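Subject: Handing over the model

Hi there,

Here is the structure I promised to pass on to you. Could you have a look at it alongside my notes below?

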Amino acid sequence: MTALKNDTFLRALQRQPTAYTPVWLMRQAGRYLPEYNQTRARAGDFLSLCKNPDLATEVTLQPLARFPLDAAILFSDILTVPDAMGLGLYFSQGEGPKFERPLREEWAIRDLAVPDPETHLRYVMDAVSQIRRALDNQVPLIGFSGSPFTLACYMIEGGSSQDFAQVKAMLYQRPELLHHILDVNARAVTAYLNAQIESGAQAVMIFDTWGGVLSHAAYHEFSLRYIERIVAGLKREHAGAAVPNIVFTKGGGHWLESIAATGCDAVGLDWTVDIGLARERVGAKVALQGNLDPAVLFAAPEVIRTEVARILERFGPGSGHVFNLGHGIAQHTPPDHVSALVEAVHQLSGKYHA
Ligand code: CP3
């Protein structure tokens, strides 16, 4: 195994010194790139793209061909796990993800089983090893999964939701049923992420997109507790290298101390938090990833540069910061503005790394 040519991202996650602040972007491969839309059209639809390792490799590399990003992220989706549990994932045009068989009956919940990632999610493992080969050690590859609670939201609602009424009804009326789903999900996610690590993922991230809709007490009991179990079960080393992990709860700014206490290496921040204050709160324990508002990318390059400078300045000197957006890149983002962002992070961050 040859050494990584650019290990800035992995070093920053472990709070080791780097020459500059590394940057990658959530949803860096996606519909804002014309070449992505072309490959997706060749695949037929989004899910066929995810399930085809050749095409998934192609789109993973597309943003790296355009921008000098410091990490690649596996092209896939968090909902492949409930799909592998038999819920029947599909994407209807303009309506986002949907399940043919959402969890509506108690017997279906009791029947849920942990899928074997090496068989039921073989196409993801094949994509991971193929992407690693194609990357040729230029930058590290990030693997990912949804959090047990975020997956449960889609499994119970059957798709996206405004208010998560059904999930919350179950949480308060039948908490033992929701705990059962979360327990299965936590075991599934642990096995899935460890399989990605064994296939070649060099860091892993847990996306808790909907944990932030919960009350303080419910967040700890129904989301964070299961994330903590996953973190405790993750492989921390593979092929002689450390495999750091990142936990991202959107809307989790109130709970940074609890998130940092899960034992994760890094905490993802959405754009509502001041990264300087976040560093004061948890920076001695974990690295921080974030946290530019994705909407800044609709403004002119000079504005993008000013906003990047503000975040770098607020984080301040030293390692432990991975620059990113506070959530996924928006569909109509001009690709040139992404160039301006990446360039600004690389140019302006050197002075914070003596
Ligand atoms: O970051 C990356 O570049 C890696 C790829 C990635 C995708 N989804 C690709 C995708 C990752 C990490 C995800 C995670 C994901 N998927 C999350 C958690 C992160 C977040 O955004 O909060 C969630 C909640 C999902 C579920 C999901 N998949 C949604 C809500 C949607 C959007 C539906 C829509 O039409 O806007 C998807 C589809 C999806 N996942 C797309 C991409 C590039 C767009 C699909 C397309 O090409 O039509």
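First, the ground rules. This is a predicted model, in which local features need pLDDT of at least 70 and side-chain atom pairs count only at pLDDT 80 or more, while totals for chains, interfaces and linings use all residues. Residues are numbered from 1 along each chain as its sequence is written, and side-chain values use heavy atoms, with hydrogens and water left out.

Let me start with D77, in the loop between β1 (72-73) and α5 (80-87). Helices (H or I, at least four residues) and strands (E, at least two) are DSSP runs, numbered from the N terminus. D77 is buried but has no salt bridge, and R27, the nearest side chain of opposite charge, is 4.9 Å away. Buried means under 20% relative accessible area, exposed over 50%, and partly exposed in between (1.4 Å probe, protein chains only). A salt bridge is a side-chain nitrogen of Lys or Arg within 4 Å of a carboxyl oxygen of Asp or Glu. For charge, Lys and Arg count as positive and Asp and Glu as negative, with His and the chain ends not counted.

What does the side chain of D77 reach? The backbone nitrogen of L79, at 3.0 Å. Leaving aside neighbours within four places in sequence, D77 is in contact (heavy atoms within 4.5 Å) with F46, C50, F91 and F144.

S76 is found in the loop between β1 and α5 as well. S76 counts as buried because its relative accessible area is 10%. Not counting residues up to four places away in sequence, S76 touches F46, C50, V124, F144 and Y192.

**Helix α5**

Just after α5, G88 takes a positive phi of about 75°.

Helix α4 (residues 53-66) has 14 residues and reaches 21 Å from its first C-alpha to its last, close to the 20 Å expected at 1.5 Å a residue. The expected span is 1.5 Å times one less than the number of residues. At the start of α4, a side-chain oxygen of N52 reaches to within 3.0 Å of the backbone nitrogen of D54.

Buried in α4 are P53, L55, A56, T57, V59, T60, Q62 and P63.

I131 is found in helix α8, and I131 counts as buried because its relative accessibility is 0%. Beyond its neighbours within four places in sequence, I131 is in contact with A56, T57, T60, L74, F75 and L141.

V23 sits in the loop between α1 (8-13) and α2. With a relative accessible area of 1%, V23 is buried. V23 and F323 are 300 residues apart along the chain, yet their C-alpha atoms are separated by 4.6 Å. Not counting residues up to four places away in sequence, V23 touches L69, D70, A71, F323, V342, V345 and H346.

**R174**

Buried, exposed or in between: where does R174 fall? R174 is partly exposed because its relative accessible area is 30%. R174 lies in the loop between α10 (165-173) and α11. Its side chain makes a polar contact with the side chain of E176 (2.8 Å). A polar contact is a pair of N or O atoms within 3.5 Å; within protein, one must be able to donate a hydrogen and the other to accept it, and residues adjacent in sequence count only if both atoms are side-chain atoms.

**Cysteines**

The structure holds zero disulfides, a disulfide being a pair of cysteine sulfur atoms within 2.5 Å. C153 is in no disulfide, and the nearest cysteine sulfur, that of C50, is 20 Å away. C153 counts as buried at 0% relative accessibility, and C264 counts as buried at 5%.
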